[in-house]
Structure formats: C-alpha cells, structure tokens
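Please look over the sequence and the model shown here. The report that follows describes selected local features in running text.

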Amino acid sequence: MPRLDVDLKLDFKDVLVRPKRSSLQSRAEVDLQRTFTFRNSRQTYHGIPIIAANMDTTGTFQIAQALSKHTLFTAIQKHYSVEDWKAFAAQSPDCLEYVAASSGTSKADLERLCSILESVPGVKYICLDVANGYSEHFVEFVKTVRDRFPDHTIMAGNVVTGEMVEELILSGADIVKVGIGPGSVCTTRIKTGVGYPQLSAVMECADSAHGLKGHIISDGGCSCPGDVAKAFAAGADFVMLGGMLAGHDQCAGDIIEKNGVKMKLFYGMSSDTAMKKYMGGVAGYRASEGRTVEVPYKGDVEDTILDILGDYAPHALMWGPLN
C-alpha cells in the first residue's frame, strides 16, 4: 500500500545557511580542497569536490581540461569513442586524475566502458548513470562493474532515499549520485510525479552513506554558488553541476545568434534532442523527460569557475572549515 510521507521536505530555495562564529579571519584562509578515501576501491581523492555533469554539452574533454587546472572533476559524457579517449589521454595526461568514464547499463555500454578503461589505464573513476537507480538490474550492474574493476572508484545513481544509497554502496558503489528531477532541464517530476526535494534528499542520503563510510554527490538543483554551499552544508561530499557550467566555449555545440544575442543549446540527456541525436528518436515505450533550452553564451568557463569558487569561499567561512 502507498504511504504518505507528511514530514517537511526542503529544496535549496527553501533555506538559507545560518551564520556562526568562525576562527577564520578571511575567505583567503578557506581551503576548498578535500581528501577522501573511498570505501570499496580504497582509492584516495584530493581536490575541490565539484563535478561537471556527464551531459554531452558539459561533460566534455574541453571542460575537463579547464576544470582540472583547479582540481575540479568532470564526469565525461558516455558517447565519446575509445579513439577520442586515447587522443585526450595523450594530449592531457594530467587531467586523467580528475575525470570519470560514464556508462549506462546495456551490454554495448559495458563493452565500451571496458574498452576505454583497458585502453586508457590512467582513468580510475567510473560513473554509472541511469534514469532509475531503483531497478534490480541496476544493482546487479553495479556488482558486475565492481567485480570487473575492483580497484576503480565507482559513482552510481541516481537515487534519493537512504535505503537505496545503502544498497548501492553494499553492492560496490563508492559514491552515490543523489537527485531525481531537480535539474534545470529535467522534467521527470512533471512527467512521472517522481522525485524528492533536493536538500532533504541530500541530508537523508548523506546520513545513510556516511554510516557505511560511503560518499554522495548532490546532483542537480544548483542555480547559483549559494546552492553549492547549501549542498555541502547539508552533507554532500561532492556537488555535480550542469546548468551552471552550460553555455561556455568548452561546452559542446555551436553558438547561435538571435537578434544580436549569442546563445548555446543546453538539454537533458532524456530530452527529444539527445534521444534523436544518439538513438534516432524517442522509443515508443517512453516519453521525453528533458527540456532543450537556449542559454546565454558565457565565453570561457574559467570566469565561471572562479566566480563559483570565489562566491563559495565566504559561504564556507560562515560555518567554518570544511576539512
């Protein structure tokens, strides 16, 4: 029987971080870098735990090259070929520490993932990304990838409840992606009625993950640096950004000019645009769950990175050092 959850649930827009006294004298003293050792891979990570989403407009090699200079991470979109990966690795070997190879759960996806990781051994992170992280098939797929790659760090999702976070971690995931429907170009909540307010999801899922020495990514819902700060304050170990990193030179897609205004396309990976691009159209058994929008052209992503990190630092100051 369905159960109605009447407890208050909150999104980023519903809250502000209450300031408190800090021993830090200036934002210049705030260290945004963090160090994690992952539960299953035993791999150690050190960097600023902000991740570019594995959408084909933002999860690009060019974004990775720009973000890695600041120790930010990129989940590379899954449609690059093995040859593309080899060329990237040869050109930018220092970036490999800050990228993940993404994959769906089909047989073809697994074969492509294996080929990439065998051809580019410097890649030590895997991002397993599906629309429904609650399926038994997905859990079994996480187990399969863990067995195949015992020393790689696995990100898996998306889910929004503590019990599923625990199941994925116990099945081999190191980091669980949290978020269903909060993204700016996601229409899952509208089309299916499924979702969970993001701030509350992060708080509940972080508690479950940390109890098992696992980690979580807050994926979606951030529209400004303050939202990034709120996600970390709620317990996220990493924050994944899509829309905030869209529209830059390093993003895929051409610049569109309308009435003298420059724009770039940004779309969800379950949108009509993405499915026509990669699968020839929307399959008869499903509907599009993503928007296609034109976002303002923003130039070099470097400016946005510095804006996010500079605005995020004083927020971190208000609740003390993250480390």
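## Helix α5 and its surroundings

Helix α5 is followed by Gly172, which has a positive phi near 130°. This is a predicted model, in which local features need pLDDT of at least 70 and side-chain atom pairs count only at pLDDT 80 or more, while totals for chains, interfaces and linings use all residues. Residues are numbered from 1 along each chain as its sequence is written, and side-chain values use heavy atoms, with hydrogens and water left out. Helices (H or I, at least four residues) and strands (E, at least two) are DSSP runs, numbered from the N terminus.

Which residues of α5 are buried? They are Gly162, Met164, Val165, Leu168 and Ile169. Buried means under 20% relative accessible area, exposed means over 50%, and partly exposed lies in between (1.4 Å probe, protein chains only). Seen down the axis of α5, the buried residues fall within an arc of 165°, so they line one face of the helix. The arc is that of the directions from the helix axis to the C-beta atoms. An α-helix has 3.6 residues a turn, so residues three or four places apart point the same way. On the other side of α5, Glu163 and Leu170 are exposed. The cover over the buried residues of α5 includes α4 (136-148), β7 (153-159), β8 (175-178) and α7; contact means heavy atoms within 4.5 Å.

Helix α5 (residues 162-170) also meets helix α7 (residues 198-211): their axes come within 8 Å and cross at roughly 35°. Here axes are lines fitted to C-alpha atoms, for helices over the stretch in contact, and angles run from 0 to 180 degrees between N-to-C directions. From α5 the contact involves Gly162, Val165, Glu166 and Ile169, and from α7 it involves Glu204, Cys205, Ser208 and Ala209. Sorted by class, the contact of α5 with α7 has 4 nonpolar, 2 polar and 2 charged residues. In this sorting Ala, Val, Leu, Ile, Met, Phe, Trp, Tyr, Cys and Pro count as nonpolar, Asp, Glu, Lys and Arg as charged, and the others, Gly among them, as polar.

## The barrel

How many strands close into the barrel? There are 8, in the order β3-β4-β5-β6-β7-β8-β9-β10, and the pairing is parallel. Neighbouring strands of this sheet are turned by 25° against each other on average, direction ignored. Two strands pair if DSSP finds at least two bridges between them. Strand β3 (residues 50-52) pairs with strand β10 (residues 238-241) in the parallel sense over 3 bridges, and Ala52 stands opposite Leu241 in β10. The parallel pairing of β7 and β8 has 4 bridges, with Met155 opposite Ile175 in β8. Strand β8 is covered on both faces: Ile175 and Lys177 on one side, and Val176 and Val178 on the other, are all buried.

Helix α7 lies across β8 and β9 (215-219) and runs at about 170° to β9.

Strand β1 (residues 34-37) and strand β2 (residues 44-47) run antiparallel and are joined by 4 bridges. Thr37 has Thr44 as its bridge partner in β2. Arg34 and Phe36 form the covered face of β1, whereas Thr35 and Thr37 form the uncovered one. In a regular strand the side chains alternate between the two faces of the sheet. The hairpin has 6 residues between the strands, and Arg42 takes a positive phi near 65° there.

## Backbone and loops

Most residues other than glycine have a negative phi, and most peptide bonds are trans.

| Residue | Phi |
|---|---|
| Thr71 | near 60° |
| Lys213 | near 65° |

Thr71 lies in the loop between α1 and β4 and counts as buried because its relative accessibility is 14%. Lys213 is placed in the loop between α7 and β9 and, at 65% relative accessibility, counts as exposed.

The peptide bond from Gly157 to Asn158 is cis, with omega near 25°. Asn158 has its place in strand β7.

Ser106 lies in the loop between β5 and α3 (107-119). With a relative accessibility of 33%, Ser106 counts as partly exposed. The C-alpha atoms of Ser106 and Phe141 are separated by 9.0 Å, and the two residues are 35 residues apart along the chain.
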